[in-house]
Amino acid sequence: MTADRDDTLTERARLALARPDLLRERAYVDGAWLDGEAVIEVTNPATGRVLGRIPDLGREAALAAVAAADRAQADWARRTAKERATVLRRWFELINVHIDDLARLMTAEQGKPLAEARGEVAYAAAFLEWFAEEGRRAYGDLIPGHQGDKRLLVMKQAVGVVAAITPWNFPAAMITRKVGPALAAGCTVVLKPSELTPFSALALAALGEEAGVPPGVFSVVTGRPGPIGEVMTDDPRVAKFTFTGSTGVGKLLAARCMGTVKRVSLELGGNAPFIVLDDADLDAAVEGAIASKFRNTGQTCVCANRFLVHDRVYDAFAERLAARAATLRIGDGLEGPTDQGPLINAAALAKARGHVDDALGLGARLLTGGEVLPAPGAFFSPAVLRDVPARALLNREETFGPVAGLIRVADEAEAVRVANDTRAGLAAYVYTRDASRCWRMAEGLRYGMVGLNTGLVSTEVAPFGGVKESGLGREGSRYGLDEYLDTKLINWSV
Ligand code: SIN
């Protein structure tokens, strides 16, 4: 037996799943579980050990999945919304029954603390529940005719076959946030999950199959992004393409989709400002900052990326945030309670450290953390820096790591100006006790989501999405259902 095999056995034993069959090393296409000739290894970022292998499928499998989705779509759409809701509801319930296994799998492949993984699985399931209900309310409209003999009816219909590419930072919730509304609307879905975190997706597919999702209605094609992505963006049978990931990749994929004029939803990168004004409740602001910056070890698109702090509370906030960040427990989520897992890989570690070094080189001061911890895990101690100049990488790029950089602002107007000085526009956060300021800030910030006195904005019942280069469309809520529905006019002469 090779050392690699021993490592994988060790990882499997640590997983201790109640249902070991939920760890699937096969793709799921048209209701069948597929092997591949080539494989991709999936590594636990906390240990550096191989957790398992997935088929490295390509163009052929992607085409087969699209063909199956195309065949299945009309029947699925013909079912009543209530029938589709029953399947989605069963899927939701099964996810909740197996929440512990799904959370352990997620922590092992992605690294997030077990409590956060559990939270994400519940969040993921909630999208299925919510859209099962909302799918029954995909109402149309009856418009008074513009001529005496005319009646105008507006109906909503499923857009058809959906192709989805999802990221590694939320291996379950970013899937159900797309698949829930798509299936509720009557669409079928071909998914390519991140090859870094495919096991959550495959476990979801296994539970979907048990819940009664028919063959072809939901397929999971595993492999490298290139060949699968090309089919998804180019094939005319795909009516809608939805992507969560980096802004650069999203732009390229969206441009390709225009060859067949697909509907496109994009949830891309952010550069979130976290504004603390001089009348803020500083204890609440520090806790909000911890939640916003260090959730998922700083690897969310809505993570605070720039802290804009009013001159009058700057020193106190800096000191308190650093003290609180230093209390975060770093470690392998499968080995005991933790607050910070590893980063996803060595490249992410290098980026976080690079942003710290760049800021220090420009005169910033490190208050805590910023260390790459010894291998094998990709661990980085949560960092807080003060006096970070505007030109630092920390302020210009999405760090996607546990590094908080503080900028001093003189007043509310400067905070809004600096906050808006970016091409990104996903989430922004403001702490103030003044209701008028809350309104002014909420209206002045050019972002898709504004958290007022909270560091968390996401929920299945509210629209999630950005403006400017942070994306197109909304996920979650009734707005998220619209993304999977076409609006058809019936102009009727009576
Ligand atoms: C994301 O990082 O894209 C999703 C974060 C969330 O749903 O809160």
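Trainee: Which residues do ring pairs link into a cluster?

Mentor: This is a predicted model: local features need pLDDT of at least 70, side-chain atom pairs count only at pLDDT 80 or more, and totals for chains, interfaces and linings use all residues. Residues are numbered from 1 along each chain as its sequence is written, and side-chain values use heavy atoms, without hydrogens or water. Rings of Phe, Tyr and Trp (its six-membered ring) pair if their centres lie within 6.5 Å; planes under 30 degrees apart count as stacked, over 60 as edge-to-face and the rest as tilted. Ring pairs make a cluster of Phe-274, Phe-307, Phe-317, Tyr-429 and Tyr-431.

Trainee: How many aromatic pairs does a search of the whole structure find?

Mentor: The search covers the whole structure. Its count of aromatic pairs is nine.

Trainee: Why is the pair of Trp-168 and Phe-400 edge-to-face?

Mentor: The ring centres of Trp-168 and Phe-400 are 5.7 Å apart. Their planes stand at 90 degrees, so the pair is edge-to-face.

Trainee: Are Trp-168 and Phe-400 buried or exposed?

Mentor: Buried means under 20% relative accessible area, exposed over 50%, partly exposed in between (1.4 Å probe, protein chains only). Trp-168 and Phe-400 are both buried.

Trainee: Which residue lies over the face of Tyr-314?

Mentor: A charge sits over a ring if NZ of Lys or CZ of Arg is within 6 Å of the ring centre and within 35 degrees of the ring normal. Lys-240 lies over Tyr-484, at 4.8 Å from the ring centre. Over the face of Tyr-314, at 4.1 Å from the ring centre, lies Arg-408.
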